[in-house]
Amino acid sequence: MAQRILEPGEIETLAAHSIPRIRIPDRTQLFAKRAERLRALAQTSPIGDYLRLFAVVADAQHLAVADFVVELPDAVQIKMAQTHRMPPISAANRPRAPQWRVALQAICAAVAQQPRLPDAVAQISARLRDAAADELEAHADILLGVREGEIDAAAAPFLMAALQVNWVALASRFAASEVEPIDVLGLCPLCGSLPVASVVATRAPYQGYRYLHCALCACEWHMVRVQCSQCGASGKDIAYRSLTGIAESDTAADAAAVRAETCEHCHSYRKILYQEKDPAVEPVADDLASIALDLLLAEQGYARASGNPLLWQPAD
Ligand code: FE
Ligand code: FE
């Protein structure tokens, strides 16, 4: 019997029915696992001290999210956003809970208690603890793209960490079945932010599927494999690069649990993590720790499609 080859649109339609589209973050686990992973990666990383510092931040996030109270938009507002295929808890529109600044204080206090803290970090932490509420809100607006302005790159990772607490608390209130697709390729369907990296899962019912991981709210959404998460190009434009070499397929034998999915169409990349190679991979931590791969790709002329929330790099 002749087999009919599915067109890309049909594949997506089929996928929508059979593949779990959304994975909601577990607020009781997310930051604790990230802290653990950062500490594990720090042992062999050239930026070990930085990873250990952000493990402390992730510990503080874990404590802060446990009692973080957020109000979801009401059902009518959520429905309205979804009818227009817009993210229901948009980072750009959703008023933040003032408690995110309490989370920031807790993060900065945890950082300040660390022994042998570099002076520069101690100063940032003190500066953020003393900052007025409206100054912090202005920083947050700039980071989340609500308004234009200059980003304070040194303070940004700590501010983002506190904002993550707010949005993870929001995202974790949804059920996967309540999350509708939005119209813009590659943006988080819950908060509209860019993904930090993607993960190929191993555990049923997600086995073998690839999920993009939101840098802000940690929601994960399905995307077919071998496709650029930035511009949507597929096929020959896509390759997989690691520190040990290049592969044309993401199923090629390669020991690396972290690779960069590069695109010849838009000359950008995001990292893709394989739980099959290492079940402990965590998108924010592994992306941060694999900075050597970023340096290699920069030399080869590829740009990061989006940044890591815990390491602010100025846009090109
Ligand atoms: Fe999100
Ligand atoms: Fe692309």
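I first examined the iron ion (ligand 1), whose 4 donor atoms subtend angles of 96 to 119°, which makes the arrangement tetrahedral. I applied the criterion that four donors are tetrahedral if all angles lie between 85 and 135 degrees. The ideal angle for four tetrahedral donors is 109.5 degrees.

I worked on a predicted model, in which local features need pLDDT of at least 70, side-chain atom pairs count only at pLDDT 80 or more, and totals for chains, interfaces and linings use all residues. Residues are numbered from 1 along each chain as its sequence is written, chains are lettered from A and ligands numbered from 1 in the order in which they are written, and side-chain values use heavy atoms, with hydrogens and water left out.

**Entry 1: ligand 1**

I looked up the protein donors and found C188 (SG), C191 (SG), C214 (SG) and C217 (SG), lying 2.3 Å from the iron ion (ligand 1). A donor here is an N, O or S atom within 2.8 Å of the metal (3.2 Å for Na, K and Ca); water is not among the atoms, so sites may look incomplete. I noted the sequence spacing of these donor residues as C-x2-C-x22-C-x2-C. C188, in the loop between α8 (156–171) and β2 (195–200), and C214, in strand β3 (residues 210–214), are 26 residues apart and link distant parts of the chain. Helices (H or I, at least four residues) and strands (E, at least two) are DSSP runs, numbered from the N terminus. I recorded both C188 and C214 as buried, that is, under 20% relative accessible area, where exposed is over 50% and partly exposed lies in between (1.4 Å probe, protein chains only).

**Entry 2: ligand 2**

I found the iron ion (ligand 2) coordinated by C228 (SG), C231 (SG), C263 (SG) and C266 (SG), at 2.2 to 2.3 Å. Its 4 donor atoms subtend angles of 106 to 115°, so the arrangement is tetrahedral. The donors of ligand 2 are spaced C-x2-C-x31-C-x2-C. I read a relative accessible area of 1% for C263, which is therefore buried, and 29% for C266, which is therefore partly exposed.

**Entry 3: the domains**

I took domain 1 (25–176) and domain 2 (181–304) from the domain assignment, which is automatic or from a database. Their C-alpha centres lie 22 Å apart. Each domain gives 25 residues to the contact, meaning heavy atoms within 4.5 Å. I counted 4 salt bridges between domain 1 and domain 2, each a side-chain nitrogen of Lys or Arg within 4 Å of a carboxyl oxygen of Asp or Glu.

Key
Tetrahedral: all angles 85-135°; square planar, octahedral: opposite > 155°, others 65-115°.
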